[in-house]
Amino acid sequence: MARVAVGARAASAFRGVAAGTGRTLLVLALTFFGLLLVTFLIGRVVPIDPVLAAVGDRASAETYARARAELGLDLPLYQQFAIYVGKVLQGDFGRSVLTSNPVLTDIGRFFPATLELATLATILGVGIGVPLGVIAAARQGRWQDQVIRVVGLLGYSIPVFWLGLVGLLVFYARLGWVAGPGRVDVGFNDIVEPMTGLILLDSLMEGEGEVFANALSHLVLPAAILGYFSLAYVSRMTRSFMIDQLRQEYIVTARVKGIAERRVVWRHAFGNVMLPLVTVVALSYANLLEGSVLTETVFAWPGIGAYITNSLLNADMNAVLGGTIVVGAVFIGLNMASDLLYRLLDPRAR
Amino acid sequence: MRHREWVFGGLMTALLVSPAFAATPKDTVVMAKQIDDIISLDPGEVFEFSGAEAVSNIYDKLIDFNIKKVSELHGRLVESWGVADDGVTYTFKMKKGLKFASGNPITAADAAWSLQRAVILNKTPGFILTQFGFTKDNVKDRIKASDPETLVIVTAKQVAPSFLYYCLTANVSSVVDSKLAEQHAKGDDFANEWLKSHSAGSNAFTLRDWRANEDYTLEANPNYWGKKPAVKRVVVRHVAEPSTQRLLLEKGDIDYARNLTRDDLNAIKSNPQIATQESPKGNIVYVGLNQKNPNLAKPEVREALKYLVDYDAIQRNILSGTYIVHESFLPDGFLGAIDDKPYKLDVAKAKALLAKAGLSGGFTMTMDAPGSSPYTDIAQAIQAGFAQGGVKLELIPGDQKQVITKYRARNHDSVLLYWGPDYQDPHTNAQTFASNPDNSDSSPSKTLAWRNSWNIPEMTKTTLDAVGERDAEKRAAIYESLQREHQKISPFIIMFEQIEVAAHRKNVDGFIMGPSVDTNFYEEIRKN
């Protein structure tokens with residue numbers, strides 16, 4: 001009898017998990033479908049003729065008509081969308097008109113460049129922004145708080161384009177501390193065989209120390225500039241979460257008990273701030289992974305942001321849709337990862 | 001703690017001593033340029049500015065023109081050429097002993113194959129050849145090798161021989177290594193897919209690599225029949241932002257910056273390490289006035305608006321060093337080009353003309369213009385000029401492709417854009433600015449005259465007849481008078497011609513800049 005009950009409990013738990021997974025998958029599929037549909041429609045509403053990107057302004061009427069048919073633009077809208085979704089389900093994202101490459105090849109080339117940049121920027125932004133936020137909260141209203149507030153405000157308000165150019169002028173052109181625009185110097189092109197597409201990782205795996213140092217030197221400045229914006233956001237959020245916690249009764253109790261202030265702040269209050277911070281950091285990271293068109297432009301960085309923007313301005317819809325799926329997947333993936341972290345960090349969420 | 005210090009110290013050292021500031025390698029020339037327009041490097045397909053430049057360094061043509069004197073033609077792969085008395089049969093004798101980069105001999109069969117494929121594929125530049133009556137069904141009869149050294153081309157009707165010759169100097173007429181290409185053909189694509197990113201040519205360079213939106217790299221062709229290039233490699237990197245190009249150049253990380261703005265060029269003047277070189281390019285900046293707008297359809301209004309543009313002030317204040325004032329549709333250096341500048345800002349004259357048209361109180365119109373430099377500034381200056389005559393101009397900035405889409409649908413009042421010639425013969429611009437064979441909305445020929453709904457049966461006939469005039473002097477005279485008439489009555493305010501400026505490190509020189517994008521050559525660049 002007992003064995004039957006255990007078996008039934010296990011089966012019911014399994015059914016629960018299966019149903020949960022099924023629901024998640026369904027939600028995921030619907031999200032992606034919606035994302036694709038909206039992007040597709042936006043692409044068709046944009047007042048740009050997609051054939052112009054393929055054959056330009058000078059092609060003969062015959063060439064123009066052929067290109068239009070090849071792009072499937074002579075079909076009704078719903079049919080164009082159905083064909084596209086059908087192909088995507090078979091793993092065929094089509095070709096980009098602008099680069100002549102399969103969209104997946106392009107994304108495989110441009111996304112790692114953005115990933116590398118966004119990851120280092122986030123590490124810098126979080127590594128510096130969180131301690132600054134905690135200090136600002138702990139010293140609320142004092143000079144430290146004011147200084148950190150000004151730093152944050154500047155990060156919010158200075159245009160990234162301007163900051164990038166000034167950064168290049170000072171640290172690259174004048175001081176010569178870092179390398180200039182691009183991912184590596186021309187002399188280092190093609191030395192590392194791309195395996196992951198992340199130059200830092202590839203050069204380390206292939207033991208190319210010089211390439212690693214050169215790539216890092218190219219990466220530091222754009223990552224620091226993007227990291228600064230991330231820092232501004234993360235430090236403000238950390239400060240407000242911390243102030244909220246520092247007002248709680250358990251903090252008063254801890255202080256009354258004579259626990260050292262540093263321990264009260266970092267152990268008691270910060271411990272409870274980590275949870276909401278996970279979401280903040282994940283969102284900031286996801287934003288950077290979308291690619292930052294302006295930073296990519298100033299630093300001649302071949303990232304996904306400039307790729308998608310350029311494609312959209314040319315109505316190169318395969319590229320735009322492919323890019324959107326990747327960005328969507330990043331958002332959804334990071335959301336799920338932060339959910340998971342939530343569960344790990346907070347027993348109540350399990 | 002110790003550990004952490006070591007790691008930090010190591011990281012900083014790596015950053016500070018990394019060889020990031022070395023000048024470019026000795027045997028390599030590095031250029032920064034906006035090259036995200038490249039969609040293919042197949043000579044039968046390429047038609048974008050950056051792609052055309054790359055391809056013209058990789059592929060050779062049968063004949064070419066002297067970039068200093070465009071009217072002089074010389075053989076590249078042929079030693080002689082001529083037209084028979086029937087006026088339609090052209091014969092080209094190939095030079096002997098020339099080889100492609102692959103080592104394959106260059107024969108008349110390669111030339112025939114290359115021209116045939118361009119006609120059969122009929123990609124964007126295909127019209128340059130199909131306008132001589134070649135179709136996919138007849139091209140194998142009309143363009144063929146009668147023996148390994150002789151290419152015969154038969155046009156559908158008599159044209160000015162120079163018209164055909166100039167079209168053979170266009171990239172679409174490049175000679176491709178047919179043996180190599182055919183090894184990579186898929187189905188009936190004539191290796192189009194492969195040639196987008198590989199090369200099979202015989203000019204000074206071969207294509208090592210093209211990474212869209214990043215860079216392309218050319219390598220010296222070891223089998224080049226001409227004088228060997230002085231450098232082994234040319235790397236052209238996509239750097240979109242002109243200010244970034246300038247920083248790279250000043251720092252010595254690139255040898256050439258190709259897209260500096262007027263401000264950048266002024267700023268580098270004082271740098272003793274940097275020099276500039278320039279060449280007029282055939283790009284013409286103009287305003288098109290749509291004749292569907294009843295006000296703009298009045299001849300007096302068109303003329304008045306031409307008197308309301310302050311050409312000199314715009315050139316001086318916005319475009320100096322990068323554009324010159326030019327008011328006719330043929331760029332400098334073309335057969336029949338004129339330098340007449342009949343218009344300058346004359347508000348009183350414009351007001352009188354507007355009054356004559358019954359619009360003394362002025363009127364309101366819109367102008368679509370690309371929202372990028374220098375068009376935004378030019379558009380605002382035009383707006384200010386029009387306002388002096390009482391014409392209220394509302395500007396509609398847009399992405400360039402968006403503006404062109406609207407233009408092609410003839411939904412504009414007026415538009416500010418530029419036009420670059422497709423090949424070196426005057427017909428290229430005459431056809432688009434001064435012919436409109438069918439003004440209906442469904443016309444297959446979307447010339448600029450058509451886009452502005454300018455119905456001109458007589459001028460169209462003159463323009464189309466001009467290509468049949470076999471006497472070069474008479475032909476030039478036709479274009480001269482055509483342009484003068486066009487300046488008077490057309491709905492085009494032709495304003496400026498572009499000058500291309502390249503800034504370079506002083507220790508590097510020899511970059512040849514011709515009158516068109518496909519006459520910019522790297523083969524004589526050397527580093528001292």
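I took residues as numbered from 1 along each chain as written, with chains lettered from A and ligands numbered from 1 in written order. In this predicted model local features need pLDDT of at least 70, side-chain atom pairs count only at pLDDT 80 or more, and totals for chains, interfaces and linings use all residues, while side-chain values use heavy atoms, without hydrogens and water.

**Chain A against chain B**

I looked up contacts (heavy atoms within 4.5 Å) and found 56 residues of chain A touching 53 residues of chain B. The buried area (accessible area, 1.4 Å probe, that two parts lose on being put together, summed over both) is about 4500 Å², with 55% from carbon and sulfur atoms. A:R58, A:Y172 and A:V186 supply 16% of the area that chain A buries here, more than any other three residues.

I then looked for salt bridges (a side-chain nitrogen of Lys or Arg within 4 Å of a carboxyl oxygen of Asp or Glu). The count between the two chains is 5. I noted a salt bridge of A:R95 with B:E193, at 3.4 Å from N to O.

**Inside chain B**

The domain assignment (automatic or from a database) gives chain B domain 1 (49-195), domain 2 (219-279 + 501-527) and domain 3 (280-500). I checked domains 1 and 2 of chain B, whose centres, taken over C-alpha atoms, are 29 Å apart. They bury about 1500 Å² between them. On the domain 1 side, B:E53, B:N57 and B:I67 lose the most area, together 37% of what that side buries. I found 1 salt bridge across this interface. The side chains of B:R258 and B:E53 form a salt bridge at 2.8 Å, N to O.
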